[in-house]
Amino acid sequence: NSGISISNRTRARIDATDSDNKTGYRLDNRVSYTAKDSQFSFSYNNVFFTHSDTMDHELRMTWTRSGFQPYFEFRNQADDSNNAIVLGASYGF
């Protein structure tokens with residue numbers, strides 16, 4: 001419920017087109033922190049794409065409560081070529 005957590009997720013990305021037929025991997029490395037007695041969780045996700053050698057950075061703040069959990073996320077994508085702000089939600093139970 002509180003403290004630091006570290007996780008990794010690795011996924012294969014298979015290109016189904018005939019143009020380059022590259023297969024690569026997406027490596028997600030996430031560090032998150034939730035303070036004791038806090039209603040918010042903060043996380044940083046570093047995403048590396050092996051087939052294009054690009055890196056994304058994602059900063060997220062989540063309102064951690066029972067049920068509906070809204071979040072605000074800032075994404076810096078493809079080595080500074082695109083930035084995005086994401087408002088979303090998940091459901092925790």
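Two strands are said to pair if DSSP finds at least two bridges between them. Helices (H or I, at least four residues) and strands (E, at least two) are DSSP runs, numbered from the N terminus. The model is predicted: local features need pLDDT of at least 70 and side-chain atom pairs count only at pLDDT 80 or more, while totals for chains, interfaces and linings use all residues. Residues are numbered from 1 along each chain as its sequence is written, and side-chain values use heavy atoms, with hydrogens and water left out.

**Overall architecture**

The secondary structure consists of zero helices and six strands, and the elements follow the order β-β-β-β-β-β from the N terminus. These strands form an open sheet in the order S1-S2-S3-S4-S5-S6, with antiparallel pairing. Strand S1 (3–14) and S6 stand at the edges with a single partner strand each, so one side of each has no neighbour in the sheet. From one strand to the next, the twist averages 20°; the axes behind such angles are lines fitted to C-alpha atoms (for helices over the stretch in contact), and angles run from 0 to 180 degrees between N-to-C directions.

The C-alpha atoms fill a box of roughly 50 × 25 × 20 Å along the principal axes. The radius of gyration of the protein is 16 Å, whereas a compact globule of 93 residues would have one near 12 Å. This radius is taken over C-alpha atoms, and the globule rule is 2.2 Å times the number of residues to the power 0.38.

Of the 93 residues, 25% count as buried. Buried means under 20% relative accessible area, exposed means over 50%, and partly exposed lies in between (1.4 Å probe, protein chains only). The protein exposes about 6,600 Å², of which carbon and sulfur atoms supply 54%; accessible areas come from the Shrake-Rupley method with a 1.4 Å probe, and for residues only the protein chains shown count as cover. Among contacts (heavy atoms within 4.5 Å) between residues at least 6 apart in sequence, 20% join residues at least 24 apart.

| Strand pair | Bridges | Residues between the strands |
|---|---|---|
| S3 and S4 | ten bridges | four residues |
| S4 and S5 | six bridges | three residues |
| S5 and S6 | eleven bridges | four residues |

Strand S3 covers residues 40–49, S4 residues 54–63 and S5 residues 67–77, and S6 residues 82–92. On the next pair, leucine 59 is bridged to phenylalanine 74 in S5. Arginine 75 in turn has alanine 84 in S6 as its bridge partner.

**Turn residues with positive phi**

In the hairpin of S3 and S4, aspartate 53 in the turn has a positive phi of about 55°, although aspartate 53 is not a glycine. With a relative accessible area of 55%, aspartate 53 is exposed.

The hairpin of S5 and S6 contains alanine 78, with a positive phi near 55°. Aspartate 80, in the loop between S5 and S6, also has a positive phi, of about 75°, and is not a glycine. The relative accessible area of aspartate 80 is 59%, so this residue is exposed.

Is asparagine 76 buried or exposed? Asparagine 76, found in strand S5, has 13% relative accessibility and therefore counts as buried. Its side chain joins that of aspartate 80 in a polar contact of 2.7 Å. A polar contact is a pair of N or O atoms within 3.5 Å; within protein, one must be able to donate a hydrogen and the other to accept it, and residues adjacent in sequence count only if both atoms are side-chain atoms. Leaving aside residues up to four places away in sequence, asparagine 76 touches Met55, Asp56, His57, Asn82 and Asn83. In a regular strand the side chains alternate between the two faces of the sheet.
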